[in-house]
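Thanks for coming. I have one structure to go through this morning, so please look at the screen.

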Amino acid sequence: MPETLNHVGAPKWYLSVLCEFMSCVPSNGPQATWAGLTTPRQPTSPGRSRKSRKFLIFTQTSSAKHMHTPWKILSASLAGASVAGAAGLTSCTNTPHSSLPSSKDRPNILLILSDDVGYGDIYCYGSSMVPTPHLDSLASESLRFLNMHASASTSTPSRYSLLTGCYAWRRNDTGIARGDAASIIHDSQYTLADMFRDAGYATGAVGKWHLGLGTETGGQDWNAPIHPNPFDLGFDYSYIMAATADRTPCVWVENGLVRDLDPEDPLYVSYVKNFPGEPTGKDNPEMLRMGLTEGHDQTIVNGISRIGYMKGAHKARWRDEDLPDSIVRHSVSFMENCVAEGKPFFLYMATNDIHVPRVPNARFAGKSGLGPRGDVILSLDWTVGEALNALKRLGIEDNTIVIFTSDNGPVIDDGYADQAVELLGDHRPSGIYRGGKYSIYDAGTRVPFMLRWPSKVKPAEPETLMCQIDMLSSFASWLGVDIPEGAASDSEDMMSQLLGKNEQGREELVLQNRESNLAIISGDWKYIPSGKGPAWNKGTATDLGNRPYDQLFNISTDPREEHNVAEKFPDICNKLRERVDVISAGRVR
Ligand SMILES: [Ca+2]
């Protein structure tokens with residue numbers, strides 16, 4: 001096992017924990033009991049016609065509400081026609097790369113987006129005390145980017161930017177979303193999934209969503225199809241958590257419909273007031289199996305209280321311990337279906353791990369020695385291993401680009417009393433960097449990012465300044481797909497960098513923290529204009545980076561952002577402030 005790790009001299013504790021960990025994982029995985037991927041009808045929603053929906057036609061054998069039936073994609077004439085159609089959309093301005101694969105060889109794209117995984121949380125990034133053998137094995141075969149950023153240090157704006165290619169701070173309604181938020185991405189917006197759909201790919205989203213559903217915050221009817229849902233945003237198939245595990249509703253939503261919902265026990269959700277008679281963490285702490293350190297004291301589901309209220313849907317409620325298995329099952333089934341259909345696929349596989357509440361499956365509970373936070377890192381690693389094993393089993397390992405990354409930096413105490421702080425030991429989730437989730441400092445946005453394409457992309461460790469926001473323009477350019485005018489306005493074509501053929505980084509990159517204060521990285525400099533908000537987040541013990549004065553760091557010599565030299569270099573501050581103003585005023589692309 002050690003020889004597969006991109007790490008030399010693994011200590012004894014690593015190997016013993018690793019052996020114990022590997023022996024507790026069932027060899028057949030969850031697929032053994034999985035019956036197949038299901039989906040209900042996708043009603044047409046108003047406004048959807050603006051975007052290209054021309055290639056895929058869905059059929060089903062039953063239209064009964066809540067009856068889940070095997071799905072089948074009938075493409076206009078499957079991959080050939082689709083890709084030919086996509087070729088017809090080739091932009092005059094987007095010159096396809098010379099390395100563009102021919103239609104029949106277009107690789108599948110498996111994008112594994114983990115949650116709150118810090119730069120230092122994975123063993124191969126150098127400061128983890130938790131064994132991550134599958135991730136380390138993936139790293140040893142990947143381009144492992146050392147200076148990749150999420151565009152924001154919190155979930156919703158980060159994911160919004162990744163999927164739309166637009167800075168989230170350009171709108172004031174893209175902050176951390178409630179569980180009953182309306183769709184943050186407008187269904188008229190062009191997305192990464194739209195782009196892959198236009199290139200002839202089957203597209204899927206499985207796992208955490210946290211980008212809202214429906215047209216009106218708090219106005220969803222959870223007992224009927226909800227639009228917009230991911231289908232309206234380019235995903236042919238979706239099986240998602242509406243928001244996060246610590247927010248209601250605690251149910252799976254499959255193609256816009258709550259899965260396993262009993263019509264006799266309808267679902268109601270509120271972020272305003274509780275439903276009469278429903279226990280909460282605040283009023284009924286004796287019912288909790290996990291204590292609280294901040295917030296999260298509303299509806300109790302599975303012995304854990306959440307943010308937000310819900311009532312009903314008892315049969316549909318998830319069990320936190322089963323979330324990773326469910327994500328793996330539906331992801332693998334999606335890939336199996338695509339292979340059976342002969343379609344290349346783009347799968348957005350968004351894990352719940354390692355977000356709170358950290359409730360590891362019994363296979364991982366107590367195995368890391370770091371408490372639940374370490375245990376769910378084991379769970380995350382298992383998830384990645386299952387996905388990689390599926391690629392191998394399906395015979396598509398060589399023709400699948402696997403990307404692993406995280407939506408934002410790490411947090412240790414995030415509201416639940418799960419001993420994350422007490423048991424952290426020498427584990428350093430932020431690596432050498434300052435801050436973490438919610439912060440404007442580097443640990444808030446600098447995230448692990450690995451890309452594997454066997455025999456096509458050579459393993460390396462580039463220090464290229466990159467951002468997840470660039471994926472849309474990069475893959476569009478590579479696949480010859482025209483991006484509609486005005487879309488993906490902040491996304492740059494970095495495909496040659498993603499494929500390891502160029503190490504020229506972005507000239508500048510704007511980053512965002514929880515308070516929507518901004519920072520800009522340009523060359524050796526990181527400039528953080530003065531901003532409102534607290535400097536310190538007491539609950540999570542995070543330095544948010546908000547200061548009533550300018551901050552300037554030379555990140556080439558001071559990567560920890562410890563020495564503010566703003567007063568020493570006022571001209572550089574002025575120049576970078578102007579750049580932030582220019583970028584704020586208009587689009588980049
Ligand atoms: Ca997150």
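Residues are numbered from 1 along each chain as its sequence is written.

The term pLDDT stands for the predictor's confidence in each residue, from 0 to 100. For the protein chain the mean pLDDT is 86, and 82% of the residues reach 70 or more. Residues 1-50 stay under 50 in pLDDT, and the model has 75 contacts beyond four places in sequence for them. Residues 52-96 are also below 50, with 82 contacts beyond near neighbours in sequence. A contact here means that the C-beta atoms of two residues, placed from the backbone, lie within 7 Å. Where pLDDT is low, the predicted coordinates should not be read in detail.

Now the overall count. The protein chain has eleven helices and 27 strands. Both are DSSP runs, numbered from the N terminus: helices are H or I with at least four residues, strands are E with at least two. Of the contacts with a separation of 6 or more in the protein chain, 72% join residues 24 or more positions apart. The chain has 589 residues, and 54% of them count as buried. Buried means that 20 or more other C-beta atoms lie within 10 Å of a residue's own; exposed means 12 or fewer, and partly exposed is in between, again with C-beta atoms placed from the backbone.

Next, the sheet. In which order do the nine strands of the open sheet come? The order is E6-E20-E18-E5-E17-E8-E9-E10-E11, and the pairing is mixed. Strand E6 (143-145) and strand E11 (257-258) are at the edges with a single partner strand each, so one side of each has no neighbour in the sheet. Two strands pair if DSSP finds at least two bridges between them.

Take E5, residues 108-114, and E17, residues 345-350: they pair in the parallel sense over five bridges. In that pair, Ile112 is opposite Met349 of E17. Strand E20 pairs in the antiparallel sense with E6 over three bridges, and with E18, also antiparallel, over four. Leu143 stands opposite Leu451 in E20, and Phe404 stands opposite Met450 in E20.

In a regular strand the side chains alternate between the two faces of the sheet. Strand E20 (residues 449-452) is covered on both faces: Phe449 and Leu451 are buried on one side, Met450 and Arg452 on the other.

Now the helices. Helix H7 (residues 372-393) lies across E5, E17 and strand E18 (400-406), and runs at about 175° to E5. Axes are lines fitted to C-alpha atoms, for helices over the stretch in contact, and angles run from 0 to 180 degrees between N-to-C directions.

Helix H3 (residues 133-140) packs against H7 at an angle of about 55°, and the axes are 7 Å apart. That makes H3 oblique to H7, since angles under 35 degrees count as roughly parallel, over 145 as roughly antiparallel, 65 to 115 as roughly perpendicular and the rest as oblique. On the H3 side the contact is made by Pro133, His134, Leu135 and Leu138, and on the H7 side by Asp381, Val384, Gly385 and Leu388.

Is helix H4 (residues 155-164) enclosed or open? Ten of its ten residues are buried, so H4 is largely enclosed by the rest of the structure. The buried residues of H4 pack against helix H5 (192-198), helix H9 (471-479) and strand E22 (508-512). Gly165 follows H4 and has a positive phi, near 75°.

Last, the backbone details. The peptide bond from His227 to Pro228 is cis, with omega near -5°, and Pro228 is in the loop between strand E8 (202-208) and strand E9 (237-241). The bond from Thr248 to Pro249 is cis too, with omega near 0°; Pro249 is in the loop between E9 and strand E10 (252-254).

Asp116 is not a glycine, yet has a positive phi of about 60°. Asp116 is in the loop between E5 and H3 and is buried, with 29 other C-beta atoms within 10 Å.

Key: Predicted model: local features only at pLDDT ≥ 70, side-chain atom pairs only at ≥ 80, totals over all residues.
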